[in-house]
Amino acid sequence: MSLLQVTNLTKKFGKFTALDGVNLEVNSGEIFGFIGPNGAGKSTTIRVLLGILKATEGEVKIFGKDAWNDAVEIHKRVAYVPGDVNLWPNLTGGEVIDLFVKLRGGNNKSKREELIKKFDLDPTKKCRTYSKGNRQKVALIAAFSSDADLYILDEPTSGLDPLMEKIFQECVIEVKKEGKSVLLSSHILSEVEKLCDRVGIIREGRIIESGSLTELRHLTRTQMLVQTKEPVNLKELKGIHEIEETEQGLSFQVDTEELDNAIKHISQFGVLKLESSPPTLEDLFMRHYEGTEKAHDTGVGGGK
Ligand SMILES: Nc1ncnc2c1ncn2[C@@H]1O[C@H](COP(=O)(O)OP(=O)(O)O)[C@@H](O)[C@H]1O
Ligand SMILES: [Mg+2]
């Protein structure tokens with residue numbers, strides 16, 4: 001069942017078109033990854049979803065209600081975490097958490113305590129003394145202590161260290177288990193791909209791809225670096241790109257669907273070292289749109 005529906009959303013700031021016919025759908029019980037580089041239009045879309053900005057054109061529905069006209073009603077069932085959290089400087093973290101949770105009509109003290117412990121936050125400090133990471137924690141604890149049906153999280157882990165990032169991921173998985181839905185934006189594909197059921201990729205105000213990660217798998221390549229006892233010949237293998245001899249070893253990219261074959265092949269030459277790193281989003285975009293303006297127009301994946 002569709003919980004959130006964005007149809008043909010356009011948002012202009014003066015002459016500048018920030019969003020150009022965006023279509024998005026988040027289903028009930030789903031974690032949806034909203035991915036795109038900085039400046040792509042993620043936050044603008046989210047601000048329209050929250051009724052903070054008015055759409056220039058198009059229709060935005062959450063729980064079947066209109067994001068602009070019915071914002072008050074929608075907000076009772078939505079928890080929101082922005083990427084750059086600003087808090088009341090003179091309130092303590094604990095007071096801000098209580099305030100947010102109360103605004104949403106919740107009162108889950110045990111959840112609040114559990115999350116404060118998990119995120120290792122000192123809730124007695126005034127917000128003005130908090131680092132960016134700590135302000136982020138306050139917003140996350142408030143959101144996950146609230147009993148919302150939809151969690152809208154706009155690059156929520158930008159100030160968090162890897163340990164806290166992991167706690168965040170556990171929180172997302174937990175609300176999903178409760179049947180809640182999550183819209184999670186990020187500019188790093190690898191950060192959200194473990195969590196998301198489906199993703200939508202936005203670039204320059206347009207959705208260029210959406211679907212399950214399996215459906216989008218054809219877009220990704222893994223970067224490899226290997227050292228072997230005997231020299232490896234990769235030429236006859238399928239799905240290998242950008243081969244380069246470096247001082248650290250043989251560097252190349254491999255289509256994710258050919259990864260298994262490639263590793264089997266390489267292992268025959270006596271592996272001394274093998275490193276792999278996930279493809280960056282930027283890299284994926286660059287390749288995907290090399291001279292394929294057509295793909296941009298149709299919104300359908302072009303070059304492989
Ligand atoms: N209030 C605004 N006025 C003018 N331009 C804006 C405004 N908000 C965002 N933009 C522009 O819209 C584009 C998309 O921004 P944003 O949605 O913040 O991107 P993202 O969140 O994906 O990094 C950017 O080029 C940004 O400069
Ligand atoms: Mg943003």
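Helix α1 gives the largest share of the shell around ligand 1, with 3 residues. Keep in mind that this is a predicted model. The shell itself consists of F13, F16, A18, G36, N38, G39, A40, G41, K42, S43 and T44. Sorted by class, the shell has 6 polar, 4 nonpolar and 1 charged residues.

Next, helix α5. It has 14 residues, and from its first C-alpha to its last it reaches 20 Å, close to the 20 Å expected at 1.5 Å a residue.

How many of the residues of α5 are buried? The count is 12 of the 14, so α5 is largely enclosed by the rest of the structure. For this count, a residue is buried if 20 or more other C-beta atoms lie within 10 Å of its own. The buried residues of α5 are N134, R135, Q136, K137, V138, A139, L140, I141, A142, A143, F144 and S145. What do they pack against? The partners are strands β6 (78-81) and β7 (150-154), along with helices α3 (93-103), α4 and α6 (162-177).

Of those partners, I will take α4. Helix α4 covers residues 109-118 and α5 covers 132-145; the two pack at an angle of about 150 degrees, and their axes are 9 Å apart. The crossing of α4 past α5 is right-handed. On the α4 side, the contact is made by K111, R112, L115 and I116, and on the α5 side by I141, F144 and S145. By class, the residues of this contact are 4 nonpolar, 2 charged and 1 polar.

Conventions. Residues numbered from 1 in each chain as written. Chains lettered and ligands numbered in written order. Predicted model: local features only at pLDDT ≥ 70, side-chain atom pairs only at ≥ 80, totals over all residues. Axes fitted to C-alpha atoms, helices over the stretch in contact; angles between N-to-C directions. Helix = DSSP H or I, 4+ residues; strand = E, 2+ residues; numbered from the N terminus. Left-handed = near helix turned anticlockwise from the far one by under 90°. Contact = placed C-beta atoms within 7 Å. Nonpolar A, V, L, I, M, F, W, Y, C, P; charged D, E, K, R; others polar. Expected span 1.5 Å × (residues − 1). Near = placed C-beta within 6 Å.
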